[in-house]
Amino acid sequence: MRDGCAAAAMLASLALIAAPHARAQAVAEFYRGKQISLVTSASVGGGYDQYARLIAKHMQRHIPGEPNIIVQNMVGAEGLRAANFLYNVAAQDGTAIGGLSRNTGLARFYDFNNAGIQFDARKFHWLGSPQQEIGLFILSTKSGLGSLDDLKTRDVTVSSTAHNSPSTIYSRILNATIGTRLKPIEGYDGSQACLMALERGEVDAHVSGGSSAPFRARIAPWLDNGEAKVIMQMGMKRDPAFADVPTAIEVESAPADKQMFEIAFAEQVMGRPFVLPPGVPADRVAALRKAFVLALNDKALRAEADKMQLDVDPMSGDELQKLVADLYDTPPRLVERARQALTVRAQR
């Protein structure tokens, strides 16, 4: 009897040891010779696109079976088109990855009828993010405006891509909490187009959701020659490059209004999030999460990121998964207040 129990225990131990190896072999067999589509919600050339192509290049060699990864751009509805596609249409077997807009986890706050949201962000498998973001409020001095107080004296136009983009969302919250008179002008195709509108004098300001290397390169000459200035930062912390410029949370004094910004800026912590569709098998989710982390810590990726002037300050998939779950657990009174603030534009 004792010998039989010992033998059974030994077999069980061997099975536990062999299981991870067997899973790794199964994942490698699945991916060998295959192609993964990395669908990014951004247009070619912007920060999201740059990170997607950088990660695709270096992540593929860290996936068992070393599949080829190709990047596909799917622009529309400020990231919702790509998110809906990943959730409902894309392959659920691990051959599709999404590089989504940072507002994906907060979309339910901004789409009041949920008409455009065809996903539950909690059910995505979050791979992680290569960096965290801090947005900038850039004001054209050609507009005759120079300070935050000036934004309360007359209507101020702001370039934006869509009604649920950070540029529009942050403008609405600032109007509702600080008393600014910002008017988002929507429909621009990406951050570079928004900045071009500012340069041309089509708008007075741009409130960014992030500040990628191409973004900073574009605004640097304007800041140097005084044609524009950064008057506020849109994030949970100050960017060291603008250490003297306060965040919106610091500008606002009312605790309830600070909470509004904390909800809105949760997406900044998400940075440039990457996800898998909800139906991907657990072993492939684990393998891709591991490959994502290995890629971001790969010396070759870091060296290329430095050349491209792309920050690498990663968040893990587990961290993002928890952040999204916490956002969905936001007390109803705060959800309603966020929605009320974001409908101010329609009431003006």
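This is a predicted model: local features need pLDDT of at least 70, side-chain atom pairs count only at pLDDT 80 or more; totals for chains, interfaces and linings use all residues.
**View 1. Gln 309 is exposed, with a relative accessible area of 58%.** Buried stands for under 20% relative accessible area, exposed for over 50% and partly exposed for in between (1.4 Å probe, protein chains only). Residues are numbered from 1 along each chain as its sequence is written; side-chain values use heavy atoms, with hydrogens and water left out. Gln 309 sits in the loop that runs between helix H12 (299–308) and strand E11 (315–316). Helices (H or I, at least four residues) and strands (E, at least two) are DSSP runs, numbered from the N terminus. The phi angle of Gln 309 is near 60 degrees, a positive value in a residue other than glycine. Most residues other than glycine have a negative phi.

**View 2. Glu 66 is shown in the loop between helix H2 (47–59) and strand E2.** In this residue, which is not glycine, phi takes a positive value near 45 degrees. The relative accessibility of Glu 66 is 56%, so the residue counts as exposed.

**View 3. Val 71 belongs to strand E2, which covers residues 68–73.** With a relative accessibility of 18%, Val 71 counts as buried. Ser 37 lies 34 residues from Val 71 along the chain, and the C-alpha atoms of the two are separated by 6.0 Å.

**View 4. Gln 132 occupies the loop between strand E4 (125–129) and strand E5 (135–140).** Its relative accessibility is 28%, so Gln 132 counts as partly exposed. When residues up to four places away in sequence are not counted, Gln 132 touches Gln 268, Val 269, Gly 271, Asp 313 and Met 315.

**View 5. Pro 281 is placed in the loop between strand E10 (274–276) and helix H11 (282–296).** Pro 281 counts as partly exposed, at 28% relative accessibility. Its contacts, not counting residues up to four places away in sequence, are Gln 92 and Asp 93. Gly 94 is 187 residues from Pro 281 in sequence, while the C-alpha to C-alpha distance between the two is 7.5 Å.

**View 6. Helix H5 (residues 166–177) packs with helix H9 (residues 255–264).** The angle between them is about 175 degrees, and their axes are 10 Å apart. Axes are lines fitted to C-alpha atoms, for helices over the stretch in contact, and angles run from 0 to 180 degrees between N-to-C directions. H5 and H9 are therefore roughly antiparallel to each other. Angles under 35 degrees count as roughly parallel, over 145 as roughly antiparallel, 65 to 115 as roughly perpendicular and the rest as oblique. On the H5 side the residues that meet H9 are Tyr 170, Ile 173, Leu 174 and Thr 177. On the H9 side they are Asp 257, Met 260, Phe 261 and Ala 264.

**View 7. Helix H6 (residues 191–200) and helix H7 (residues 213–225) cross at roughly 10 degrees.** Their axes come within 10 Å, and the two helices are therefore roughly parallel to each other. H6 contributes Ser 191, Gln 192, Leu 195, Met 196, Leu 198 and Glu 199 to the contact. H7 contributes Pro 214, Phe 215, Arg 218, Ile 219 and Trp 222.

**View 8. The chain contains 15 helices and 11 strands.** Of its 348 residues, 51% are buried. Among contacts between residues at least 6 apart in sequence, 78% join residues at least 24 apart. The mean pLDDT of the chain is 87, with 89% of the residues reaching 70 or more. For residues 344–348 the pLDDT is below 50, and this stretch has 7 contacts in the model beyond near neighbours in sequence.

How values were computed: pLDDT is the predictor's confidence in each residue, from 0 to 100. Contact means heavy atoms within 4.5 Å.
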